[in-house]
Amino acid sequence: MSNERETESTPERVVVVGAGLAAVRTAEELRRAGYEGELVLVGDETHLPYDRPPLSKEVLRGDRDDTTLRPSEFFGDNRIELMLGAAARSVDTASRILTLSDGTELGYDELVVATGLRPRRIPGLPDLAGVHVLRSLEDSRALREAIVPGARALVVGAGFIGCEVAASLRAREVEVVLVEPQPTPLASVLGAEVGALVTRLHTAEGVDVRAGVGLSEIRGDGRVTSAVLGDGRVTSAVLGDSSEIDVDLVVLGIGSIPATEWLEGSGVEVENGVVCDGTGRTSTPHVWAVGDVASWQVPAGGRRRIEHWTNAGEQASVLAKTIMGVEAGAAAQVPYFWSDQYDIKIQGLGAVTADDTVHVVRDDGRKFLAYYERDGRFVGAVGGGLPALVMKSRAKIAAGAPIDELLTAAV
């Protein structure tokens, strides 16, 4: 990283691009670290900064509508200026000027990129009413308003968002077909073994889970009425190897990509996110990145984007201290994540991957606990409905304990 010790004096103005959790936590941590200069948060939405995880759960179910992270008074009390309703369009890193979509030019001493992710789209799909993505508060409210008990929904993609949406739709008495090209839901994240346990959970709740299946086409006249799945259930001269199902709603949950388009031509290195060192420094002086959009260097080697809620706060603390010239250490070494599906909270510790060896050590038919092994070491735990057993494994994961030690204790 060429961005070495760029904060020899305290910056007069720090601009944070983004108005989500990572941005708010960065502003909070800067003030906590003693920063007294100008602090500006730039966001493309007009809402006060809000929390996104509830959008696929409580907000969609209608249990909650306000997920604001901090009241307006907080920003005034902490002298944090909000510039909302205009997205970042470009940045001139030589002149240190950020240009917004409404033409506003904003100078900065230090710039923090916290723009998060944007949903993936499926190219070529017609623009039909009834087709939804879920990223913003408006997205969640629009989908919620479209829900009618007994409606038929297709959820495309069985990652965390897709699984949570499927569970929330079932809670609203919607018939759900959940399709996933991978062998099981969450297979690409947690592996097929745990994915099979998640499949069982959804099947028990009445979801039609179809793994190894993709969306080929949606049909309708102005509004979606059917979807064609490439799963070989029907063979005909018209459809080929596919099946057509009647639907009232389609929710696309096929993943997200870092929102970095506005950095094109800036000189900031981007490769599956903004490339950073272990404290948030980018390749360009006076530019930093934090949260889902940031690919931070990790102590084990290489870089990783960690799309977990707790990671945003941990990185923000390290970044803010570094900007202020304070020794910060590294972000937490044992990532934590969770996902609420029906009455089960799926929790995980560790940087688990689908390539790890998985040992299911507890399974009562609904609740479960799995240990993840890599090179003979205990690298993670994922449990459904067993929070105490998951959380007690943190120290062993941090220490890289031999997996045999854990498996013997679990017997």
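Helices (H or I, at least four residues) and strands (E, at least two) are DSSP runs, numbered from the N terminus.

What you have open is a predicted model, in which local features need pLDDT of at least 70 and side-chain atom pairs count only at pLDDT 80 or more, while totals for chains, interfaces and linings use all residues. Residues are numbered from 1 along each chain as its sequence is written, and side-chain values use heavy atoms, with hydrogens and water left out.

**The whole chain**

Start by showing the chain as a cartoon. Its secondary structure comes to 11 helices and 26 strands. Along the principal axes, the C-alpha atoms fill a box of roughly 65 × 60 × 40 Å. The radius of gyration, taken over C-alpha atoms, can be set against a globule rule of 2.2 Å times the number of residues to the power 0.38. For 411 residues a compact globule would have a value near 22 Å, and the chain has 22 Å, which agrees.

The chain exposes about 17700 Å², an area that comes from the Shrake-Rupley method with a 1.4 Å probe; for residues, only the protein chains shown count as cover. A residue is called buried under 20% relative accessible area, exposed over 50%, and partly exposed in between (1.4 Å probe, protein chains only). Of the 411 residues, 50% count as buried.

Contact means heavy atoms within 4.5 Å. Among contacts in the chain with a separation of 6 or more, 59% are between residues 24 or more positions apart.

Next, colour by charge. Lys and Arg count as positive and Asp and Glu as negative, with His and the chain ends not counted. The place of a charge is taken as NZ of Lys, CZ of Arg, CG of Asp or CD of Glu. There are 41 positive and 60 negative side chains, and the centres of the two sets lie 4 Å apart.

**Stop 1: S140**

Select S140, in helix α4 (residues 137-146). Is S140 buried or exposed? At 0% relative accessibility, S140 counts as buried. Not counting residues up to four places away in sequence, S140 touches L55, V59, L60 and L134. The side chain of S140 also reaches the backbone oxygen of L55 at 2.7 Å. That is a polar contact, meaning a pair of N or O atoms within 3.5 Å; within protein, one must be able to donate a hydrogen and the other to accept it, and residues adjacent in sequence count only if both atoms are side-chain atoms.

**Stop 2: S226**

Move to S226 in strand β14 (residues 224-236). S226 counts as buried, at 5% relative accessibility. Show side chains here: a polar contact of 2.7 Å joins those of S226 and E244. With residues up to four places away set aside, S226 touches residues including E217, R219, E244 and V247.

**Stop 3: S393**

Select S393, in the loop between α9 (387-391) and α10 (394-399). At 3% relative accessibility, S393 counts as buried. Which backbone oxygen does the side chain of S393 reach? It is the backbone oxygen of V390, at 2.5 Å. Beyond its neighbours within four places in sequence, S393 is in contact with L349, F378 and A381. Then draw a line from S393 to F74: they are 319 residues apart in sequence and 36 Å apart in space, C-alpha to C-alpha.

**Stop 4: two positive phi angles**

Select E173, in the loop between α5 (160-171) and β11 (175-180). E173 has a positive phi of about 65° although it is not a glycine. E173 is exposed, with a relative accessible area of 55%.

Then select H286, in the loop between β18 (274-275) and β19 (287-289). H286 is not a glycine, yet its phi is positive, at about 70°. H286 counts as buried, at 15% relative accessibility.

**Stop 5**

Go to G85, in the loop between β3 (80-84) and β4 (88-92). At 42% relative accessibility, G85 counts as partly exposed. Leaving out residues up to four places away in sequence, G85 touches G43, D44, E45 and T46. The C-alpha atoms of G85 and E264 are separated by 21 Å.

Finish at R32 in helix α1 (residues 21-32). R32 counts as exposed, at 60% relative accessibility. From R32 to L406 the span is 374 residues in sequence and 39 Å in space, C-alpha to C-alpha.
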